[in-house]
Amino acid sequence: MKNAFRSDISPSEITSRTLFESRRRWMQGSLASLATMAIAPASAKSRDGKDFPVAFESEKSEFSTAEKLTTYSDVTRYNNFYEFGTGKEDPVEQAHRLKTDGWTINIIGEVHRPQRFDIDQLLRLAPLEERIYRLRCVEAWSMVIPWIGFPLSKLLDLVQPTGNARYVEFISLYDPEQMPGQRSAVLDWPYKEGLRLDEAMNPLTLLTLGLYGEILPNQNGAPVRLVVPWKYGFKSAKSIVTIKLTEKQPATAWNVSNPSEYGFYSNVNPQVSHPRWSQRKERRIGEFLKRDTEMFNGYSEWVADLYRDLDLSKHF
Ligand SMILES: Nc1nc2c(c(=O)[nH]1)N[C@H]1C(S)=C(S)[C@@H](COP(=O)(O)O)O[C@H]1N2
Ligand SMILES: [Mo]
């Protein structure tokens, strides 16, 4: 099987090295963070034995679950990334096409300081944390993944939302040359997601640059994605190029494609069935028996307050 990292000099590898160098520079300049460094740099070989030149250090997070990790192989081979096809292994086979060098994220809309960030700037923006989160797909499977990133709130604080800002829209890359899945109209491209501003500012909402101590593999949304652990996986947009603060609730790709099945909120909620299947149980990838799905994917303690005044069967 083809792999994003198998070719001698893949675009992602070049980016990887750049990230590693910039991260190392950042670490050298920051003695304070050396004291809290928790994860040693990974070796030059990845878990599946291929060259994998990049690793970076991060701090452990109080928000991490102690549950057993899903294997690196499952995390990077069983993916949803419709830009590269709708099959679970399409992303690992196709995402090597994605060029991530020179990537920027543009923050626009209702902010006092609109700004474009490159990945180097993002890496230096805040201490990187390892967050071991459950990811629960709307398709009733789940994984436990050690992400690397920092709270999105740190980025939003920097651009200073105006008093009008109430929502945050996330827009993924549109480039059918690199993303063959976009030649089919399976979704209204580019992929878009949205959060209420207070959801985006919640400390659990992670701007994510890596997993398993390494930079994000392309199929997991390189070079920068969102991870929103109390919502169904599709809210966690991959390969983001634009973040737009808005006054009105933004349209989202899944809501546009099928409004009766996918609402704006998309909170993990075992009491609200998907119209075509129950959401009461889930299969943890790598396990045989199904387990009960928890309200807000088990993150109620931190997020239930956000929805106190909302009827969650209407706002599903
Ligand atoms: N741009 C983009 N982001 C996306 C998707 C997608 O198709 N395109 N799929 C979503 C879905 S349905 C899930 S479950 C998660 C899967 O993330 P993973 O493959 O890294 O586990 O990514 C989400 N983000
Ligand atoms: Mo999903």
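Trainee: In β11, what is the bridge partner of Gly109?
Mentor: Leu245 is the bridge partner of Gly109. Keep in mind that this is a predicted model.

Trainee: How many bridges join β2 to β11, and do they run parallel or antiparallel?
Mentor: Four bridges join β2 to β11. The two strands run parallel.

Trainee: And β6 with β11, in which sense do they pair?
Mentor: Antiparallel, over six bridges. Look at Ile171 there: Thr242 in β11 stands opposite.

Trainee: What order do the strands of the open sheet come in?
Mentor: The order is β3-β2-β11-β6-β7. That makes five strands, and the pairing is mixed.

Trainee: Which are the edge strands?
Mentor: β3 (115-118) and β7 (192-196). Each of them pairs on one side only. From one strand to the next, the twist averages 15°.

Trainee: What does β7 do with β6?
Mentor: β6, residues 167-172, pairs with β7 in the antiparallel sense. Five bridges hold that pairing. Tyr167 has Arg196 of β7 opposite.

Trainee: Back to β11. Why is it described as largely enclosed?
Mentor: Because six of its seven residues are buried, β11 is largely enclosed by the rest of the structure.

Trainee: Which helix lies across β2, β3, β6 and β11?
Mentor: Helix α6, residues 152-159. Its direction is at about 140° to β3.

Trainee: New topic: β4. How many of its residues are buried?
Mentor: Eight of its eight residues, which are 129-136. Both faces are covered. On one side you find Glu129, Arg131, Tyr133 and Leu135. On the other sit Glu130, Ile132, Arg134 and Arg136.

Trainee: Which strands pair with β4, then?
Mentor: β1 is one of them, in the parallel sense over two bridges. There, Glu59 is partnered with Glu129. β5, residues 141-151, is joined to β4 by eight bridges, and these two run antiparallel. In that pairing Ile132 stands opposite Pro146.

Trainee: How many residues lie between β4 and β5 in the hairpin?
Mentor: Four. Ala140 is in the turn and has a positive phi of about 70°.

Trainee: Switching to rings. How many aromatic pairs does the structure hold?
Mentor: It holds 15. Take Phe63 and Trp302: their pair is edge-to-face, with 5.3 Å centre to centre and 80° between the planes.

Trainee: Where do those two sit in the chain?
Mentor: In distant parts, 239 residues apart. Phe63 is in the loop between β1 and α3, while Trp302 is in helix α9.

Trainee: Is Phe63 buried or exposed?
Mentor: Phe63 is buried, because its relative accessible area is 11%, under the 20% cut-off. Trp302 is partly exposed, at 32%.

Trainee: Why is the pair of Phe81 and Phe84 edge-to-face?
Mentor: Their planes are at 85°, so the pair is edge-to-face; the cut-off is over 60 degrees. The ring centres are 4.9 Å apart. Phe81 is buried at 3% relative accessible area. Phe84 is buried too, at 2%.

Trainee: Which residues form one aromatic cluster?
Mentor: Tyr82, Tyr232, Phe234, Trp254 and Tyr262.

Trainee: Last one. What lies over the face of Tyr299?
Mentor: Arg134 does, at 4.6 Å from the ring centre. Arg134 is also one of the buried residues of β4. For another case, see Lys235: its charged end sits over the ring of Phe264, 4.5 Å from the centre.

Conventions: Residues numbered from 1 in each chain as written. Chains lettered and ligands numbered in written order. Predicted model: local features only at pLDDT ≥ 70, side-chain atom pairs only at ≥ 80, totals over all residues. Heavy atoms only, no water. Pairing = 2+ DSSP bridges. Axes fitted to C-alpha atoms, helices over the stretch in contact; angles between N-to-C directions. Contact = heavy atoms within 4.5 Å. Phe/Tyr/Trp six-rings, centres within 6.5 Å; stacked < 30°, edge-to-face > 60°. Buried < 20%, exposed > 50% of the residue type's maximum accessible area, 1.4 Å probe, protein only. Lys NZ or Arg CZ within 6 Å of the ring centre and 35° of its normal.
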